[in-house]
Amino acid sequence: MSLVGERDEALQKRRRWRYYAAASAAVTATAALGSVAVDPASSWYRSLDKPAWQPPPQAFGVVWTPLYISLAVAGGRALGAAQGKDRVKVAASLGANLTLNAAWTWLFFGCRSPRAGLLGTLLLDFSNAELIHRTWRVDRTAAKMLAPYALWCAFATGLNGSLAARNR
């Protein structure tokens, strides 16, 4: 390989890592911002009528950690694979998704409203479908990596719906 080829390869590698770093930073910010509003020990949350199938509060941290990691890796892969306007669209889709992800905790816990939380999680589900669709067009492996996240969010929508129905 020529010196120019080696430089181009090194530059491409650095660029790819920047996409992973950007996606990781965005996901970390989302997790941090969202976690500020979460308070499962509050008297309001403890007073809610919950379904028997609701996982214990500590299960959420155990589940969300690998989901956020896979979301960051999938986002980095997709951003690195996309070109031009497609990269801008993937970035916008990921940004909107992360915004909705963080907003849910503020709608549910911050507003103390299962109904507002349900609206937020329904919007997140639509955003997940759009993000997977857009990601599929540029990197199918990245899109497949988003499936557990989307499935968990769908489960959360069902749980949130049950909480909204039980706690009018």
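Predicted model: local features only at pLDDT ≥ 70, side-chain atom pairs only at ≥ 80, totals over all residues.

Visitor: Which residues does helix 4 cover, and what end-to-end distance should I expect for it?

Guide: Helix 4 runs over residues 84–110, so 27 residues at 1.5 Å a residue should span 39 Å. The C-alpha atoms at its ends are 38 Å apart, which agrees.

Visitor: OK. Which residues of helix 4 are buried?

Guide: They are V90, S93, L94, N97, L98, N101, A102, T105, F108 and F109.

Visitor: Why would a list like that step along in threes and fours?

Guide: An α-helix has 3.6 residues a turn, so residues three or four places apart point the same way.

Visitor: And what comes after helix 4?

Guide: R112 follows helix 4, and its phi is positive, near 50 degrees.

Visitor: Switching to rings. How many aromatic pairs are there in the whole structure?

Guide: A search of the whole structure turns up 14 aromatic pairs. One of them joins W44 and F108, edge-to-face, with 5.4 Å centre to centre and 65 degrees between the planes.

Visitor: Where do W44 and F108 sit in the chain?

Guide: W44 is in helix 2 (residues 43–47) and F108 is in helix 4, so to speak a link between distant parts of the chain, 64 residues apart.

Visitor: Are those two buried or exposed?

Guide: Both W44 and F108 are buried.

Visitor: What about Y45 and F109, how are their rings arranged?

Guide: Their ring centres are 5.2 Å apart and the planes make 40 degrees, so that pair is tilted. Here too distant parts of the chain are linked: Y45 belongs to helix 2 and F109 to helix 4, 64 residues apart.

Visitor: Why do Y45 and F109 count as buried?

Guide: The cut-off for buried is under 20% relative accessible area. Y45 has 8%, and F109 has 11%, so each counts as buried.

Visitor: Which residues end up in a cluster through ring pairs?

Guide: W44, Y45, W104, F108 and F109 are linked that way.

Visitor: Why is V36 called exposed?

Guide: Its relative accessibility is 59%, and exposed means over 50%.

Notes:
Residues numbered from 1 in each chain as written. Heavy atoms only, no water. Buried < 20%, exposed > 50% of the residue type's maximum accessible area, 1.4 Å probe, protein only. Helix = DSSP H or I, 4+ residues; strand = E, 2+ residues; numbered from the N terminus. Expected span 1.5 Å × (residues − 1). Phe/Tyr/Trp six-rings, centres within 6.5 Å; stacked < 30°, edge-to-face > 60°.
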